[in-house]
Each structure stands twice: as structure tokens, then as C-alpha cells.
Amino acid sequence: MKHLYGSLSLLLTTIPFLVQARVYESLEHLPSRDYDFIVVGGGIAGSVVASRLTEDRQFSVLLVEAGPNDEGIFEMRVPAFTFQLDKTYDWNYVTAPVAGLNNRTFDYARGHVLGGSSSINGMIYTRGAGDDYDEWARITGDSGWTWKSLFPLIKRHERWVLPLGGRDISGQYDPQVHGYNGNTLVSLVQSGPTEFDRRIMQSVQQLDGELPFNLDQNSGNPIGVTWNQNTFGDGERSSAADAYLNPEVRRRANLDIVVNTLATKVLPIGQEGSGGLLDIRTVELAPRSGDNTRKVFTAKKEVVLSGGIFNTPHILLNSGIGNRTELSALGITTIHDLPDVGKGMSDHHAVVNVWNATGTPYPPPGPEALEQWKESRTGPLANLSFSGRPFIWTRIPANDPIFEDYGPDPASGENAPHLEIIPGDEGNQVTAIIILLTPKPRGSVTLRSSNPFDPPVIDLGLFTHPFDFEALRIGVSRAIRFFSAPAWSDYLTALVTPNPETVPREVIEEFIRGQGVVGNHATGSAAMSARDKLKEGVVDPDLKVKGVKGLRIVDASVIPISPTAHPQAPVYLLAERAAELIREAYSIQKCDSQAFRDWYQPILEHIPLNNYYY
């Protein structure tokens with residue numbers, strides 16, 4: 001009977017005060033309530049965490065998104081409209097001048113809408129090398145971050161679907177490394193291989209193993225030539241908002257979502273004894289429009305920052321969490337001296353090879369393509385031009401002089417590629433985007449001022465180490481070698497961009513400085529590190545901010561090394577594990593008493609649970 005009353009007490013604490021769950025379009029309409037968790041940022045990580053936590057009715061969550069609601073935005077549904085989206089859905093960040101790229105500045109797209117960057121990105125789905133995740137585990141001292149440990153979460157988050165139309169995709173992916181009952185739709189393109197794609201595969205054979213075919217880039221060993229996979233399905237984009245905040249989830253009574261609302265800072269609610277840890281569970285919110293209205297909400301359990309690579313350190317620094325000297329220079333009182341906030345950021349960077357070709361430019365899709373998409377979700381608008389293309393992932397050999405000249409190999413292991421090559425066909429031109437996945441330089445995110453509405457200073461630090469120039473030079477040569485295979489002899493007419501094998505090294509370096517671009521794949525501005533390294537890194541292996549209580553970070557900023565992947569898939573895996581860690585930390589003892597279940601089930605059947613807030 002004692003256990004019965006204990007379980008009854010537990011049940012009553014999770015039964016309800018009347019409040020309907022909803023999406024609030026502004027801070028003005030958000031009522032003042034208590035929540036167990038406040039998740040700041042409705043991008044990939046925030047969507048996953050909010051969704052997973054509210055699967056358990058004992059947890060109540062407020063999800064805060066600075067951008068607008070994604071519902072009803074037609075252009076976001078159409079994959080081919082990705083690069084035509086209104087700038088409202090982008091933070092419109094601009095980097096600081098990049099010294100290594102002739103002091104040029106770069107627009108840096110980040111999603112400013114529910115779903116975050118998954119609502120506006122190129123939908124490329126690459127997990128990277130298993131060695132990357134094993135390196136996370138080594139850095140943090142936590143075996144839970146290994147590829148093997150995380151692999152079940154891949155199956156949980158992914159829902160592999162066949163392309164509409166039912167074409168045969170056997171031999172283009174490995175069914176054993178995918179999930180089929182998860183949230184995020186992943187697929188190949190609806191149309192079969194083009195003539196351009198066939199030339200790529202012919203080149204693989206003609207080069208006799210130099211760049212071998214790889215059945216699936218997402219197996220943990222991406223090296224080789226492999227068919228690109230994408231976060232779309234049934235002819236539509238599958239964003240984190242679609243996958244984790246679908247209408248059923250948004251109807252949960254224990255989840256509230258507020259959009260068009262900026263988190264300006266986090267605040268301590270007190271201190272754990274004399275000299276103890278600050279307890280940081282309060283968030284200050286403001287209208288995104290920038291007026292002087294402020295509201296504060298305090299989480300009963302934790303605040304989870306999921307603002308992303310730039311916004312998470314921006315919030316921390318504005319809150320007085322960061323390098324004391326730098327904060328003092330802006331007149332910000334330091335509440336917690338944590339020097340690595342905003343430091344250690346890395347990003348991929350790229351250069352593009354161009355060849356003239358014998359074809360004619362492909363015409364853009366006409367009005368009939370849109371009608372086809374509306375009617376059947378098929379046709380040229382159901383994917384981007386590069387969506388179905390084979391990608392090339394390649395390593396620099398271990399005996400290459402680059403490692404003797406410029407220091408140790410920065411890759412996480414033997415299965416981690418240094419370079420990614422994305423072929424493109426425009427009819428009259430062929431391109432190859434060569435991306436350096438393992439850069440040595442590190443950048444930073446710092447404050448422009450003490451005004452939380454001012455954008456941060458984004459210093460990517462690109463090309464400040466000679467390794468990066470040399471690695472990209474090798475990548476350019478490798479792409480030229482690939483497109484020199486006999487398969488291209490009747491299609492390519494001339495290389496337009498410089499060839500490292502025929503021009504001086506300084507010409508290639510100037511080519512990279514003048515034409516190089518950023519990767520839009522930044523990570524690591526609030527990196528995780530080992531638990532005992534209190535002043536190194538920003539979060540511990542459980543993603544808790546070091547030296548304080550009540551505050552966690554879950555987004556790309558905690559990833560400690562540049563992943564050999566487009567980072568959306570790694571962030572999905574990171575967020576899935578984060579949700580597990582949080583739920584385990586606050587799990588309640590389950591009642592296995594059949595007598596108790598027989599008692600409470602009839603009561604629950606008469607309570608309109610969908611209309612209550614837990």
C-alpha cells in the first residue's frame with residue numbers, strides 16, 4: 001500500500017493544470033508559466049531535444065525560436081527553391097574580413113526560422129567518419145560518444161524512404177546502415193543516373209582504384225565515390241521542424257513554442273552555498289523586433305542552449321559567461337570566467353575547379369515544373385541540381401610530404417577523408433567544388449558590443465595555416481586527375497582554372513586566396529572536453545556548462561573537431577544523445593505494480609489528457 005500511495009502521489013504531480021499547448025507567434029502572447037526545461041533555439045538540436053523530452057509527460061518544455069514559424073511557407077517545402085528563399089528566414093550574418101582570403105567578407109547563412117538551418121540548407125545528409133565520433137570520445141573521456149555507441153541513435157532519428165516513382169536504387173546505398181522508423185526523411189533522388197553521373201562511375205573504373213566506389217558514405221567509412229543522400233522524402237524537404245515538431249507534437253500539452261522571440265541572456269537564480277556553483281536557470285527574452293520589452297522565465301530543471309554555432313556563444317558572452325578580460329572591455333560584468341567561450345571554432349573551406357564542356361546550358365525549370373510538383377511532388381523541383389550526384393571523399397596519403405612540412409595529420413583517423421569533391425554539370429561547363437574537411441586554423445565568435453541585438457563578430461580564421469593551402473592544392477590536383485579519365489574525353493574541352501601541375505605554387509595560392517569560399521559548416525565555438533579539464537572547453541561530456549549548474553548546450557558549437565561531413569547529420573546524432581542524457585538525469589522510478597495500473601487506468605481514461613499541461 002505504501003508503494004501504491006507513493007505512485008499515486010507521483011501521478012497527481014503530473015496531472016494537470018488547464019492550459020492548451022500551442023505555438024505563440026510573439027512574446028507578448030506567451031503567458032507566464034513554469035516549465036521544467038527551457039530550450040533556446042528551434043533549429044535541429046532544439047527541435048530534437050524539445051520533441052524527445054516531451055515524449056515523457058512528466059516533462060514540460062518551452063521552446064524559444066528567434067525566427068518565425070515555418071508552417072505555411074510554401075517555398076521551404078520545394079527542394080529546388082532552396083536558394084530562392086526570402087532573407088527573412090536567414091540571420092544574414094556577414095563574417096569579419098578573412099585575412100587569408102584577401103580580406104574578403106562572406107555572407108554566412110544560418111536558419112532564422114523554426115527548424116533552423118535544416119529549413120534552408122542544401123539538404124545534404126552525411127554523417128562523416130566513424131573516427132570523428134571516436135575522437136569526440138577520446139577528447140571527452142566518454143565512450144558514449146563513440147561511433148559504435150551512437151549508431152543506435154542513427155536508427156532512431158532517420159527514416160529512410162524510397163524515391164517517389166519507385167525506381168530501383170539497389171547498388172546505390174547500403175540498407176544495413178540506415179534507420180526506417182525514425183523522424184528525419186532521408187532518400188536518394190527520384191530520377192535515375194544522368195549521362196554525367198554515368199561518366200563519373202566510368203571514371204571510377206578507368207582510374208583503377210585511385211578513387212574507388214563506396215556503396216554508402218554513411219557507413220562510418222565515407223572514403224570513395226558514393227551516391228549523395230539528402231534530407232528529403234516524398235518530394236519535399238524534411239527539416240527538423242517537419243521531423244520533430246510535426247502537428248501531433250505541437251499539440252502536446254506539455255510543449256509550448258514561442259517564435260519571433262530572442263533570448264538575450266541567461267541569468268543565475270542563486271548560488272549553491274558559499275563559494276558554490278552558480279545556478280543558471282533563468283532566461284531573459286525579448287521581442288525579435290528589438291523593442292525594450294523583457295520577460296524572464298525560470299526553468300525548474302535546466303536551460304538548454306541550442307542557438308547554434310554563433311548564437312550560443314553570443315548569448316553566453318552577453319550573459320557575462322566568457323573571458324573576463326574581453327567582457328570587461330565591453331563593460332559586461334563577468335558572472336563566470338570561462339575563457340574558451342567563442343574560441344576554437346573551425347569551418348570547412350573550398351575552391352572551385354571549372355572546365356569548359358561541349359554541351360549547352362540547361363534551361364531553368366518552367367511553370368510546368370511547378371505544376372508537376374504541386375500535383376505529384378515529382379519532377380525537377382523535387383531536388384536540387386546536385387542532390388543526386390555522386391560525391392567524392394578522399395584522403396591525402398600518410399606518406400605525403402605535407403605532414404612532414406606542416407605538422408601532424410589533423411584527420412581523426414584512417415577512415416576520415418581530408419577532402420570532399422562535389423562535381424557539377426551545367427551543360428557548357430563542368431565544376432568541381434573541392435572542400436577541405438580537416439582545417440588546422442581556428443576562428444572565434446566575439447561580441448561587437450554589449451547590445452544583445454547587435455550581431456556577433458565572426459572571425460573564421462581561415463587560411464592562417466599553410467597546411468590548408470597545400471591540402472587544397474592537393475585537392476585541386478586530385479579533381480583534375482579524376483576529370484582526366486577517358487570518360488570525359490568527348491565532353492570536356494579545356495580546364496579554365498589553374499592546374500597545380502603546370503603553374504607555379506604562388507599562382508595556385510593566389511587562386512585560392514582570390515577565389516576560395518567558406519564552407520558554412522562551422523563547429524566548435526563552445527566545445528566539449530574532458531570533465532576534469534575545468535578551464536578547457538566550455539561543456540563537459542554530458543554537455544553541461546562547466547563550473548555552473550542548470551545550463552546545458554546542445555548544438556554544433558559543442559562539436560570539438562571539424563566533422564568530415566556536412567554537419568546537420570552529426571548535430572542530429574548529438575541532439576539525440578543529449579536528449580537521452582537529460583532524460584536519464586531526471587528519470588523517475590517507474591511503478592511496475594499491476595494493482596496500481598489497474599487502479600489508475602480507468603481514471604486516466606476519463607481525463608482529457610490532450611487538453612492539459614503537465
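Predicted model: local features only at pLDDT ≥ 70, side-chain atom pairs only at ≥ 80, totals over all residues.

Trainee: Why is S47 called buried?
Mentor: Buried means under 20% relative accessible area. S47 has 0%, so the label buried applies. S47 sits in helix α2, residues 44–53.

Trainee: Which residues does S47 touch, beyond four places in sequence?
Mentor: Contact means heavy atoms within 4.5 Å. By that test S47 touches G41, G42, G115, A240, A241, Y244 and L245.

Trainee: How do you know whether Y93 is buried or exposed?
Mentor: The cut-off for buried is under 20%. Y93 has a relative accessible area of 5%, so Y93 is buried. Y93 belongs to strand β5, residues 93–94.

Trainee: What does Y93 meet from elsewhere in the sequence?
Mentor: Its contacts beyond four places include F106, D107, Y108 and R110. F310, N311, P455, P456 and I458 are also touched by Y93. Take V457 as well: V457 and Y93 are 364 residues apart along the chain, yet their C-alpha atoms are separated by 9.2 Å.

Trainee: Why is Q176 called exposed?
Mentor: Exposed means over 50%. Q176 stands at 65% relative accessibility, so Q176 counts as exposed. Q176 is in the loop between β7 (158–160) and β8 (184–186). Leaving aside neighbours within four places in sequence, Q176 is in contact with F151 and K155.

Trainee: What makes the phi of N103 worth a remark?
Mentor: Most residues other than glycine have a negative phi. The phi of N103 is near 60°, a positive value, and N103 is not a glycine. N103 lies in the loop between β5 and β6 (107–108). At 52% relative accessible area, N103 is exposed, because the cut-off is over 50%.

Trainee: What about F463: buried or exposed?
Mentor: F463 is buried, because its relative accessible area is 4% and the limit is under 20%. F463 is not a glycine, yet has a positive phi of about 55°. Its place is the loop between β24 (457–459) and α13.

Trainee: Why is helix α4 called largely enclosed?
Mentor: Count the buried residues. Eight of the eleven in α4, residues 130–140, are buried, so the helix is largely enclosed by the rest of the structure. They are G130, D131, D132, Y133, E135, W136, A137 and T140. What covers them includes α5 (147–157) and α15 (568–585). Just after α4, G141 takes a positive phi of about 75°.

Trainee: How do you know that the length of α6 is close to what is expected?
Mentor: Helix α6, residues 195–206, has twelve residues. The expected span is 1.5 Å times one less than the number of residues. That gives the expected 16 Å, and α6 reaches 16 Å from its first C-alpha to its last.

Trainee: Which residues of α6 are buried, and what covers them?
Mentor: F196, D197, R199, I200, M201, S203 and V204 are buried. Their cover includes strands β9 (224–227), β20 (390–394), β21 (419–425) and β22 (429–436), along with helix α13 (466–482). Just after α6, D208 has a positive phi of about 50°.

Trainee: What makes a space inside the protein a cavity?
Mentor: A 1.4 Å probe fits there but cannot get out. The structure holds one cavity of 30 Å³ or more. The largest cavity has a volume of about 50 Å³.

Trainee: Which residues line the largest cavity?
Mentor: The lining is L162, P163, L164, S187, L188, Q190, F232, G233, D234, G235 and A382. Six of these are nonpolar, four polar and one charged. Asp counts as charged, and D234 is in the lining. Gly counts as polar, and G233 and G235 are in the lining too.

Terms used:
Residues numbered from 1 in each chain as written. Heavy atoms only, no water. 1 Å grid on protein atoms, 1.4 Å probe; cavity = no way out; pocket = protein on both sides within 12 Å on 5 of 7 lines; lining within 4 Å. Points joined across faces, edges and corners; volume = space filled by probe spheres on them. Helix = DSSP H or I, 4+ residues; strand = E, 2+ residues; numbered from the N terminus. Buried < 20%, exposed > 50% of the residue type's maximum accessible area, 1.4 Å probe, protein only.
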